[in-house]
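Here is a short briefing on a protein model. Look over the sequence and structure, then read the points below.

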Amino acid sequence: MRDVAVVGFAQRQMQDYDGSPQCAELLVPLFAECYEQTGWTREDIGFWCSGSSDYLAGRSFSFVSAIDAIGVLPPVNESHVEMDAAWALYEAWLKIQTGEVDTALVFGFGKSSAGVLRRTLALQLDPYTLTPLWPDTVSIAALQARLGIDAGLWDETAMAEVVNRSLTDAEKNEYAVRAGGSSVADLLAKEMFADPLRKHDAAPVTDGAAAIVLAAGDRAREVRERPAWITALAHFSDGLQLGTRDLTRSESAQRAAAAVGGTAGIEIAELHAPFSHQELILRSALGLPDDVRVNPSGGALAGNPMFTGGAIRIGEAARRIWDGTADRALGHATSGPALQQNLVCVMEGRN
Amino acid sequence: MSRTLSAPVTVSFDYTRSVGPVLGRFLTGIRDGRLVGARLSDGRVVCPPPEFDPVTHAATDDFVDLPDTGTVTSWTWVSEPVAGQPFDRPFAFALITPDGADAPLLHAVDVRGPEQMRTGMRVRARWAAERTGVITDLVFEPADGEEPAPQPPSEGVGAALTGIVTPVSLDYTYAASPEESAFFRGLAEGRILGQRCPKCTKVYVPPRPACPTDGVPTVEEVELSDTGTVTTFCIVNVPFLGQRITPPYVSAYILLDGADIALQHLILDIPAEEVRMGMRVRAVWKPREEWGTTIENISHFAPTGEPDADYDSYKNHL
C-alpha cells in the first residue's frame, strides 16, 4: 500500500447560499485556498473527484457545470460520485493506490435550501414501497430514535447532552450555521418537531462546499511538516429494507471500524451524525472509548451541507493532526437513511 | 436586493416501473386488499418481501399471506407534513409489524394527535375503495379492543401486476449564478452582457461563474452587439412536447460580434433551407413593454442582408 495523506482542506457552510445550485462560483475560492495551502497549481493535481446530486440541484448534469471551477484545458482526469464527497475521497485514495496518480483534489457541493431537503431525500428510499409515502428523513430518524429510547439504549437527556456539547463546541467554529450551548434542561423544554425529536436534534439544513487534497509519499511531505497519513480507510453499507435492519445499531459502521483495525488510540473522532441519537449509535458501533474527544468542530448538528457533511469530518480531523492537537484521529461519514452507509478514515500524524 | 435572480421550478416525472415476481406479488396483494410477506432464510417473515434474501442473496420465493392487523413498534408525529405524504395534516408515521411477521413495515397511521400513539398499540389497515396496487392504497388506523373488520376478498381480482406508475415531483427555488443574473438583468434593459476571462481573454455569453478553460472568475463585463454570425445550425423537423413553433424551423449557434462563445437561438424570417454557416444575423427584440429578465426578450435572429462572414472569422469558435 502507498502512504497517502490529507494535506489540504477548505470549506464553506451557510444557511441560504445566494448563488446557483451547481456552486461553481463557490468552488473557485475553495480551490484557490487548496492551491495556497499546498503551493501547487491545478497542473499538480493528478485526479479530481466530486460528490453531488442533481436531485439536490434541481437540474441535470450539475456536476459538469461545477467543473468550470477547475478549468479543463488541458483536459483533467476527473470522476464523480452521487454520494458524500467522503466517498469521492475513497475513490481518489484508490486511484492513488493504483499508482496512476500521486495527488488528488476531492470536492463536494450542495445547495440543500433550493428544495425541501427532508422531502428530496425520500428519493433515496425504496421506490416501490417507500418513496410513494414520501417518508421524510427527519421522520425516519425519529422512528430510529424512539426504537432506542423504548429499548433503554439512550434517552432524551442523553440526546440533549450531545446537542449541548455540539452547539457549545460550534461557538469556536467559524463555519457553523447553528451554534450556542445552553443547558440540557433548556433543550428538553423546547417543543417536539418529530416526536421524540426536537428541531435541535436534527442537523440544520445547510448549503456549502468543501475540498480536500490528498497526496502520496514525498508529495505529501513537501506540503506539510506533519501530514495526516491515512492509515486505514473502509466503508460498508446496510441493506435497502429499513424493516430488516436493526436501526438501534449500525452494523455497517461496526464492520467499517473492524476493517480499519479498531479504534484504539484514537484521540479525536469527527462523527457524521446528522441526528443527536445517531452519535450515540456511532460511538457504540465504532467502539470509541469514553475519553475520545468527539466532534470538537461541533459536528453535523452545527452544520451539515449535503454531500460534504461527511468529507468535512475528515477535513476537521486532519486539521487537528496538522496542528498537533492529536496524533491519531478518525473521520467518519454517513450516507443514506438512518445511517445506512458508513465510512471510517483513520489518520496519523508523523513526518 | 439578492445578488441572484431566482424562480420556482418543478421537476416532475411519472416513473413507470416493472415490479418483477417478488414486488409484483406484494403489490398484487395490495391491489387485492391483503398483505403479502415472505419467509427469509433466517426464518423471519418480512413484509414487504425483499426481492433477494439479505443473507443468502437467493431470490425470495416463500410467500406468506398475512392478516392486515399489526402492532406499532415505533412511531413519530409528523407535525409539518410535506407534499405527497399520506395526509396533508399532521399524522403519524410508524413502524408496524403485521401479525405473523417478524419485521416492521413503514406506513402512516391516521390519528388526531400524538397522544393517541404509543409503542405496542394495535393497528389495522384501512384500504382504499379503489386500489391499483400501490403502497398508498392503504393507511393504518387504531384497532384497539375491536374485532378486526372483515378483510376484503383475498382471491385475486385480476391478473398479477407487472408494473406500477410512481409519480415524482420536486419543487425548487432555482437561482441563476451571480454572473447569469447580471446577464438576465442586462436583457431586461435590452443589453447583451458577457464577461471576459482575465487569463485567456475569451468573452463568454452568457457569462459563467468561472472560465471553463482556466478555472478563474470572469470578472470584466463586456457589452456585446446584437449582431453576429451563424456558426452552425440544425433544422428542427421533429415535433415535441412544448414546442412553440411549427416545424421546420432553424435552431442555430450565433457568435455575437465581440464574443468567443456562440449563443443558441432561433433563426426566422428566412426559409429554413436558406440558412447557412457564416450567415450574418441580428436580434429581433420583442416590443419593450414585453421585456423581462429573460432571453425570450429576443424573439429570434433574422438575416441582416450583409455578405456572409469568412469561414476564417469563426473557424475557431465552432
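Chain B averages a pLDDT of 94, where pLDDT is the predictor's confidence in each residue, from 0 to 100. In chain B, 96% of the residues score at least 70. The model scores ipTM 0.95 and pTM 0.95. This is a predicted model: local features need pLDDT of at least 70, side-chain atom pairs count only at pLDDT 80 or more, and totals for chains, interfaces and linings use all residues. Residues are numbered from 1 along each chain as its sequence is written, while chains are lettered from A and ligands numbered from 1 in the order in which they are written.

**Where the chains touch**

- The contact (C-beta atoms, placed from the backbone, within 7 Å) takes 48 residues from chain A and 59 residues from chain B.
- On the side of chain A that touches chain B, H6(A) (137-150) gives the most, with 6 residues.
- Helices H1 (24-38) and H5 (117-120) and strand E5 (192-194) of chain A also give two or more residues each.
- Helices (H or I, at least four residues) and strands (E, at least two) are DSSP runs, numbered from the N terminus.

**Helix H10 of chain A**

- Ser252(A), Ala253(A), Ala256(A) and Ala257(A) are buried in helix H10 (residues 251-259).
- A residue is buried if 20 or more other C-beta atoms lie within 10 Å of its own, with C-beta atoms placed from the backbone.
- Seen down the axis of H10(A), the buried residues fall within an arc of 140 degrees, so they line one face of the helix.
- The arc is that of the directions from the helix axis to the C-beta atoms.
- Their cover includes strand E8 (228-237), helix H11 (276-285) and strand E13 (341-349) of chain A.
- Just after H10(A), Gly261(A) takes a positive phi of about 85 degrees.

Notes:
Two residues are in contact if their C-beta atoms, placed from the backbone, lie within 7 Å. A residue is buried if 20 or more other C-beta atoms lie within 10 Å of its own, exposed if 12 or fewer, and partly exposed in between; C-beta atoms are placed from the backbone.
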